[in-house]
Structure formats: structure tokens, C-alpha cells
Amino acid sequence: MKKIFLVFVPLLLLASACTEDISQLNIETKRPAAVPAPTLFSNAVKALTGNLATASVNTNVFRFTVSHWAMATYQDEVQYDFATRNIPQSWWTAMYRDVIMDLRESAKLISADASLAPGEKANKLAILDVMEVYTYGILVNTFGNIPYSESLNPAILFPKYDDAKTVSTDLINRLNADISKINTSAAGFAAGEDLIYKGSVSKWLKFANTLRMKLGMIQSDVDASLAKSAVEASDAGAISASADNGLFTYMAASPNQNPLYVDIVLGGRQDYIASKDLMDKLLGWNDPRTGAFFTPNNAGVYAGAPMGKVSTYVDFSRAGAKVIEAAAPYVFADYVETEFLRAEAKERGFNVAGTAESHYNNAIRASIIAWGGTSADADAYLAQPSVAYTTAAGDWKQKIGTQKWIALYNRPYEGWVEIRRFDQPKISNPIGAKSTFPTRLTYAANEQTLNGANYTAAASAIGGDVVTTKLYWDKF
């Protein structure tokens, strides 16, 4: 009898257990099937930052393109060889798949969330769109005509390429709408979700205005009316102090460290060195940022290497500690950039407050202080006849273009845009260069095989899929 009872009790317990829902055990709590909208937003921003901040020769080689850094050993990318490692493919894929796709999915989820207050929903959707505009701006100003109106639509397997000017105009129109929808009295993303402004909607509004000013100014040599309206509408609302800067701040602990720290410090890389073009400017003008930008070589002096030439690593300066520290931030937009835009606007006759000289001085001063210098350092630098706005060499394009090129150190993609716009400063053609200065990247390689007809039409429309084809706004 006892044996029968012992068998019966487990069966009874098993039967009772089967009445409970055990399907919850199949849910992967650390790999959710439905990703929350804020997480998608954060992931998109982190992915975008990583690609803009890195110096990986597989992805972002613009520090070489703008002649801020040289390479000691491997010269392919320095010499404008972007095909060997298929850099255009990496850049293209990162922007479309890793950034825009997540931003769109986040917007879709927020749009469907009935629990959100109207003002909060509008702010979140506007912020997401501002970042999508930012990313499309990178794509259109890297490649020219791009898939846009039909991009990332699962119902369209072969998206057409839209005209670059049409895309750029639409991006400004989208910013106009986003700026009108942002309500600073309503909530946005929470501090832990917003990796740039930590939940400050008012700062996102300033960011959007600076972005509109920047995208507008790119049009200035081809559509002065569009540029003027965008810049003038943005001036008063754009970034007006360093406290408004849009920064992505990395962390000291893995896995969220600055890519330069991971690659150069943890990876032990000994090939990134200072370019002679930049170092000559820094030393020639006693630039107080020199020691923050670079370290001395092993002999204790600052030295830059010729672009494209195999060099001995220890003989040249390397990236400074402030550049490669684990928690070093990446700058998405700042007061320095905005003040240079205002200086240019004044020279172009646009109706913005202040003078070109005052904005030029403000930009340089803010850059020096951001890199650890003092107001006295800035005063001394600006007092030099070769730097002072009224006496520096060349026209306003040379003055603003050269100083902006220096100030955009460690923002290499932005530096590439500006050096194409100003054609200043004149940098050295690398030894062994595969082409003249690259004015765009070629299209992603898989577009030729996966979207061949539209690729061919786009390449023909822009004048050829080569790195020396100038984008429509690059007129000089």
C-alpha cells in the first residue's frame, strides 16, 4: 500500500503543475522579441557615434582624407585607396541598416503608443526625425544621389536613387517641420534613454536649428535663397553657448569606451601619427591646442609625417591623451561649429546677428577652451597677425576654412565636408595617391549586384561612380 501511495503523490503533483502556464519559461528575458522604442533610439545613436568616432581603416578614414593624421606603415587609405577594404560598403551599411532602420522602428512604436501624452509623443518623434535627417545628410553628402523616398521599404526590393539636391531640400523641409513640433514644456526621451542631451528637449531644439543652419549652408553656392532662409530661420534658436553642445559621452568602463581608446590603447596600435599639414599649421601659429591634439615624439618634439610615406612611428607625434581617453566624448554639434557658420553667414550677406570677425573669434576661443586652453591662450593666439581676422592671409573663405579645419580636429567626416566646401586649406596630395582629392565615396559594392539598374542610373546621373566626381554643391 505504501508503494502505491508513493507513486500516486508525484503523479498528483505533476498533474497539478500541468494546470499552470509554463510558456513563460520560453521567454528570453535578456533577448526580448520586442525591443522598446527608447532602446532602438539609443542603439541608433550609439551606432552612428561609433562610426563617426572610430579611426578603423575598415570604416572611417576621413582623418587621413583631411590630412589631420598620417599612417606610419599602411598607406592604402592615406593614398585614397578606399576599395581594398571596401570602405564605402561599410559606411553605407552602417548608416542605413544600423542607424536609420532603428530610428524608423523606434518612431513606428512611439506612433502606436496610445499611453504617451500628445506633447511627449510629438517631441520624441521630432527628435527621432532630427537624427534621421542628420544621418541622411551624411549619406547624401558622402555619395550624392541615394535611395531615399523608397529606402528601407520592405515592399520595394529595388529602391530608386533620388536626386541629391531634391533629398537635401527635403531634409531642410523636414527640419522645418520638426522644429515647429518641438515643445520645450513637454517631456521627451528620459535622461537614461537620450545619450546626447540626457532628456533636455530645449537643447534638442537648439541642436535642430544648428543642423538646419549647417545643411542650409551647404547649399549656399548652388541655392543661395534656400541657404539664406534656412540659416536666418535658425540663427536665433541655434546653439549659443558651449553648454548647448551635443555630445555623446563614452564611459571609462568596457564595453562603452571610445573606439579610439579601444583601437589605439587597448589594441596597441602603433601606426596612427600626426600629419605634416596639420602640425605645420599648429607649430607655425603656436597653437595652444597642439599638446591636446598630439603628444611629442620619442625625442620630445612635435613632428608631423608626410602623407602617404612609410615613416618610423617613434619619430612622429601621436594622438594626445585627451583624444584617446576611454571616456572621451564625440561631438555631434557644438558652439564652435555654429559660430563658424554664423561668421560665414555674415560674409555671404545673410541677416544674422553679430559680425563675421566676432563669430570667428568666438569659435576659435571656444575651441581652445574646449581642448583645455585658457582665455589668455586664446587672446594670444588671436592676436597674431597671421590669425587675426583683419590681417590673416587670403579671403574670408581661406580664413574661416583654415581655422574651421583645425577646430574640426577629431570630427573627420565634418572636416571633409568643409574642406570640400571652402577648398581651404590647401593640403598636400599624398605620396603615391591613387587619385586627386576625393570629393565623394563610390557607391556600396553590393548595390551593383543587388540593385543594378538603379545603381547604373544613379552613377550616370551624377557623372560617374568615381571618387573624384564632385557633388552638385561642390562648385569650386
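Which side chain makes a polar contact with the side chain of Glu414? I looked, and found the side chain of Tyr134 at 3.4 Å (a polar contact is a pair of N or O atoms within 3.5 Å, where within protein one must be able to donate a hydrogen and the other to accept it, and residues adjacent in sequence count only if both atoms are side-chain atoms).

A note on my source: this is a predicted model, where local features need pLDDT of at least 70, side-chain atom pairs count only at pLDDT 80 or more, and totals for chains, interfaces and linings use all residues. Residues are numbered from 1 along each chain as its sequence is written, and side-chain values use heavy atoms, with hydrogens and water left out.

**Glu414**
I placed Glu414 in helix H17, residues 412-422 (helices are DSSP runs of H or I with at least four residues, and strands are runs of E with at least two, numbered from the N terminus). Glu414 counts as buried because its relative accessibility is 5% (buried means under 20% relative accessible area, with a 1.4 Å probe and protein chains only). Leaving aside residues up to four places away in sequence, Glu414 touches Tyr134, Lys214, Glu337 and Leu408 (contact means heavy atoms within 4.5 Å).

**H5 and H7**
Next I followed Tyr134 and Lys214, which are among the residues that make the contact of H5 with H7. The axes of H5 (residues 118-143) and H7 (residues 201-218) come within 11 Å and cross at roughly 25 degrees (axes are lines fitted to C-alpha atoms, for helices over the stretch in contact, and angles run from 0 to 180 degrees between N-to-C directions). So I noted H5 as roughly parallel to H7 (angles under 35 degrees).

Technical notes
Angles under 35 degrees count as roughly parallel, over 145 as roughly antiparallel, 65 to 115 as roughly perpendicular and the rest as oblique. Buried means under 20% relative accessible area, exposed over 50%, partly exposed in between (1.4 Å probe, protein chains only).
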